[in-house]
Amino acid sequence: AVLTRVTKDVSAYAEFQDALTNHSQDTYRYVTRAAKTHAQSIFRNGYLGENSLLIAPHVARYILADARRVERAARGSKELARDSANAKIMKEVEDAITRVKERLEARPLSVTHALELESIEAAAQELRVSLFAQDLGTYGRVSAPRLLRRLDTLENL
């Protein structure tokens, strides 16, 4: 099962690399840079042991979402504007996750809180798919407002 998953992950990363190679114009370089940063954050040396068990089974889909994002950006200014709006939504969620994570780290360890944060981080990956590659589908329902409410609740516990 692990070998099958790794094969899918590697294949997805190869598809992502092809997207970067075929679509690397200056007009949407920020998209390719952001997609590359994200893909490398979840697919790197040691990723099998470092990724959350909630994220690990979906790494290939998350990488394919990055490839779709790059391909979509290559379609023109309308898609770039859409990507920019979606990137702002994603940044808001990621910033909130970072803020809550820092606050939780300053507190005594709570397994319940740590598990909720891990679940929120996995849902954020699904949000990324929802925003940048809807055709891949998401694992469950997800939205930025819902994630931000969950983060707010976790932060105020």
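Salt bridges turn up 13 times in a search of the whole structure, which is a predicted model.

Start with R68, in helix α4 (residues 59-73). The side chain of R68 meets that of E15 in a salt bridge, with an N to O distance of 3.4 Å. D135 sits in the loop between α6 (111-132) and α7 (144-155), so the bridge to R68 in helix α4 ties together parts that are 67 residues apart in sequence. Put together, E15, R68 and D135 make up a network of salt bridges.

How exposed are the members of this network? E15 has a relative accessible area of 33%, so it counts as partly exposed. R68 comes in at 23% relative accessibility and is partly exposed too. D135 is exposed, at 52%, because the cut-off for that class is over 50%.

Another bridge runs between helices α5 and α6. Here K101 pairs with E121, and the closest N and O atoms are 2.6 Å apart. K101 lies in helix α5 (residues 77-105) and E121 in helix α6, so the contact ties together parts that are 20 residues apart in sequence. As for accessibility, K101 is partly exposed with a relative accessible area of 31%, and E121 is partly exposed at 23%.

Methods: Residues numbered from 1 in each chain as written. Predicted model: local features only at pLDDT ≥ 70, side-chain atom pairs only at ≥ 80, totals over all residues. Heavy atoms only, no water. Salt bridge = Lys/Arg side-chain N within 4 Å of Asp/Glu carboxyl O. Helix = DSSP H or I, 4+ residues; strand = E, 2+ residues; numbered from the N terminus. Buried < 20%, exposed > 50% of the residue type's maximum accessible area, 1.4 Å probe, protein only.
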